[in-house]
Structure formats: structure tokens, C-alpha cells
Amino acid sequence: MKRAASALFVVLLGLLVVAMSASAAPAGATTSAAPAGASAGVPADSTSSGGEVDPLGEVRAAELPPTIKVGTEGVYPPFSYHGGAGNDLTGFDIDVMNAIGENLGVKVEYVETPFDSMFAALESGRFDVVANQITFNDERNARYDLSDPYVETTGVLVVRKDETQIKTIADLKGKRSAQNITSNWAEVAKGAGATVVPVDDMALAIDNLEQGRVDALVNDKLAIRNYLATKPDAGVKVVAETDDVSRSVLAAKKDSGYLPQLNRAIDELRADGTLDTIYAKYFGAEVKQTSTWQIMKDNAWPMARAAITTTIPLTAISFAIGMVIALVVGLMRMSRQPVVSGAARLYISFIRGTPLLVQLFLIFYALPQVGVKIEPFLAAVIAFSVNVGGYAAEIVRSSVESLPKGQWEAASTIGMDYTTTLRRVILPQAARTAVPPLSNTLISLVKDTSLAAVILVNELFQAARTAAAPSFEFLALFGMAAVYYWVICLVLSFVQSRTETRLNRFVAA
């Protein structure tokens, strides 16, 4: 066992070294930020950074693919959210990216990703460009290709309406601020001395602020303006603006060669007034308010569809594969061969000792750095199957070992070999014992599939988040998601009861 653990440690250490080598930041020139300004809007002028420059001083450009994949959050109104016709993805960044795609003659395909996973997904090649209010800064410019800005804005400090102590950014010192930890606004809060409380998106940040779990938040002025227009009775207020201008850019992998085309498209859209038109569409008109009932009605089917097409198939496939793994590993665990039983112990120990979320990240975001790229749904199936296999293997083992050893001896006496005894005598009886704990594993798996959202799988929980982000109707929409999960689990509990009854009838007698 000690040797196996040592081998696992060496393998993990090797993977870590390879991943660090692959992700090391390439050297690149930095560009100073533009002079600070106070207004928000489409930048009137830009300084094109062009493409990458080779040693001969020539611009090295690469053609954009016929269909460019664009990473975006999908839960950040009014920049990227669901609220268009048919609850489609829409927003300022989406319209800008669509216009750029049309200008360049390429199709645009969006990949919705949590903001804190955005750059990991970009580096692992899940998409070609990020369009999600990425603010230009020197650190990002050194690691990624950043386009010319397509909109400029400032940050604002938001507190509860009854807050009287926090009036400036400097007053954040010693306070708690809810932020996306990889956003530039988190750096602003941290720089002022605040303790950053990580949240996935702006909607959750505001909810935490209103509930009194944090003291403040710093976020985009345009996004906060949109929120206050949507929720005029909100219990928060803006008390200050940041000093510097935030320049929103598109981001691509370093040395992508896409910058000349992206910058040319942005310049042309600015020159022909398209950027101004899109800006006026989202920031110049009054925001239409929708009732809670109408929001629930509009999102009932999209959430049910996510459950039917993703959550349930993901659960069923993962559990079926996981049970095969569990049976094999469980039998290996009982082997008298030390190498075989040791390998099974090592596998079970690793699955038990690491969080499911880490296993998902290892498969989806880490493996591409060593050349193994797996599509989101398949990656989720692999992660969940392996996880179920590790936990259920012990259930299989304990169920088999709970049977009297005389069962094996009796079967051997009448001439049955190991495989026949296992298939016709042992496993049917063990199944009766294993059904309740395996049912618990299955029901847990239904709920664990909500973690698949972090690797770009749009399952039920992600659908609820997507609906709640622009409307801020957390109670109604997360409550509806909870009902969907509950109904699925009730059906599984019914199946468990029927299965136990049948096994008791034919096996226990």
C-alpha cells in the first residue's frame, strides 16, 4: 500500500510539473493603460496593437476559423445573459461579437462558462475568444492577446441603503466585498484593503450584499445601472466610482494571430456607428420589468428541457458505467493477489480522498495541458462514472462479503466454478443487500450533476442560474429547480422500492 501511495504521489507530481510547464506565462511586451477618464461608453478613439510581431518586425496573422467559438458568462446582464427571443443568449457583448463575426464573415458559436473558469477554458482550447467585459490590464496583456477596447466604463462602489460608514473606495479597508475572484474589480477591492468574498457572478454578489453577508461590492457601472433600473426598489445604493476607466477588450490565447482581424472589425464597427447603436440599445433605453410569475412561466420549459436532455442522461449513463467499474474494482478489492487488491485500494483511496469538483477540473481543464482534450458532456460522464465506481466498489465488496462463506463452499461442492457461483448465487443475493446504499449513491449522483456546470455542461442547475441572473428572482427560480430535482429523486425512490420488493420475492425466499 505504501509503495502504491508513493507511486501515485510521483505520478501526480509529474502531472503537476508538466501542467506548470505548459501553462507558464509566455514573455510578452506590456502596454500601458490609456489615461484615466470619468465617462462610460464606446471609446471615441483606439490605439490598435495589431498582431504578433516576429523577429523580422512583420505582423504575423492567423485566419479565424469559419466558426469562431466565443466564451462568455451568460449570467452577466446587460452584457451577456439569457433574455432574448426564446430566452436566447443576448446582451451588449453578444451583439458586439455577432457584429464582429458578421464583419469578418465568420459564424459565432458561444460557449457559456463561469467567469472564474473563463481563462482556464481559453488556455485549454475550449474556445477561441473571450467576450465578457474583460478589462485590459498589464498582467492580462502579458498572458493573452487583448484586442482594442470596444467599450469603456468605470467601476462603482455599492453598499446597502442603510450603510453610512462606507462612502469611498478607501473605506473598504477591513470590510468584506463580494467579487468574482479573477475579475479586475476584485483587485480594486483587495487593493483598498477589503477581504474579498468569492462569488460566481454579480447577481449573487448583490444578493449577498442585500442579505448582509458582505459589506460592499465593486462592479461595472453599466451593469449596476442596469440592475438598479430593473430593481428600482433594491436595498442597495451606489456611493462612489473608481478613479480609473475600465477598457473592455476581447481576449484570445497568446500568439493566436487573431488581433489584426479583430481590431480591424472593431475599428470599422466604431466608424460606421454600429457600436454606438448597440450601446444605445442596452444603455439608452428604459429596462422593461417582468413579473415573477411571467419569469417562472418563461423558464419552466427551458429548465425542464435541461433536466430531460442533460441531467437525467448524464445521471443514467454515469451510473451505469460506474456500476461496471464498481463491480470490477469491488471484486479486485477481494482478490488474494496483493498487486490486484492494492490497485483497487489505491483507486478507492484516491476517489474518496479528492473532491468531485477537483476530479472534474483535472479531467476537463488539466488534461488538455498534456494534450488530452475531452468534450464537456463526455468529460462529465467520465468524472462521475469514475467517482461512482470508487464509492460503489466498497458497497459491492461489503455486500458480497456479508454472505455466509458456506454459499461458496456449497456451490463448489455441486461443481460450480468461480464465475458461475458469482453470477448465479452470490451476486443476486448481494444485490438485495446493495440496493438501498446504491440507491443513495444514485440519488446523490442526480444532485452532484449540478457540478457539471463548471465544465460547460448546461444542465438543470446551470439553466436555473442562467434564468436567475438577469431577473434576480432567486427564490422563484432556484425553488423551481429544487422541485425538479425532488421529482426526479421521488421517481428513483419509487423504482428503488419496486426493485427491493422484486428481489425479496425471488431471492430472499
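These are my notebook entries on one predicted model.

**Ground rules.** I number residues from 1 along each chain as its sequence is written, and I work with heavy atoms for side-chain values, leaving out hydrogens and water.

**Whole chain.** I looked up the secondary structure and found 17 helices and 14 strands in the chain. Both are DSSP runs numbered from the N terminus: helices are H or I with at least four residues, strands are E with at least two. Of the 509 residues, 48% are buried. I use buried for under 20% relative accessible area, exposed for over 50%, and partly exposed for in between, with a 1.4 Å probe and protein chains only. The chain exposes about 24,300 Å², and carbon and sulfur atoms supply 58% of that area. The areas come from the Shrake-Rupley method with a 1.4 Å probe; for residues, only the protein chains shown count as cover. I then checked contacts (heavy atoms within 4.5 Å). Of those between residues at least 6 apart in sequence, 76% join residues at least 24 apart.

I count two strands as paired if DSSP finds at least two bridges between them. Strand 5 and strand 6 pair over two bridges. Tyr81 sits opposite Thr90 in strand 6.

**Backbone exceptions.** For reference, most peptide bonds are trans and most residues other than glycine have a negative phi. I looked for departures from this.

- Pro77 and Pro78 are joined by a cis peptide bond, with omega about 0°. Pro78 is in the loop between strand 4 (75–76) and strand 5 (80–82).
- Gln133 is not a glycine, yet its phi is positive, near 50°. I place Gln133 in strand 8 (residues 129–135). Gln133 counts as buried because its relative accessibility is 7%.
- Asp255 also is not a glycine and has a positive phi, about 65°. I find Asp255 in the loop between strand 14 (236–253) and helix 8 (259–271). Its relative accessibility is 39%, so I list Asp255 as partly exposed.

Definitions and conventions
Predicted model: local features only at pLDDT ≥ 70, side-chain atom pairs only at ≥ 80, totals over all residues.
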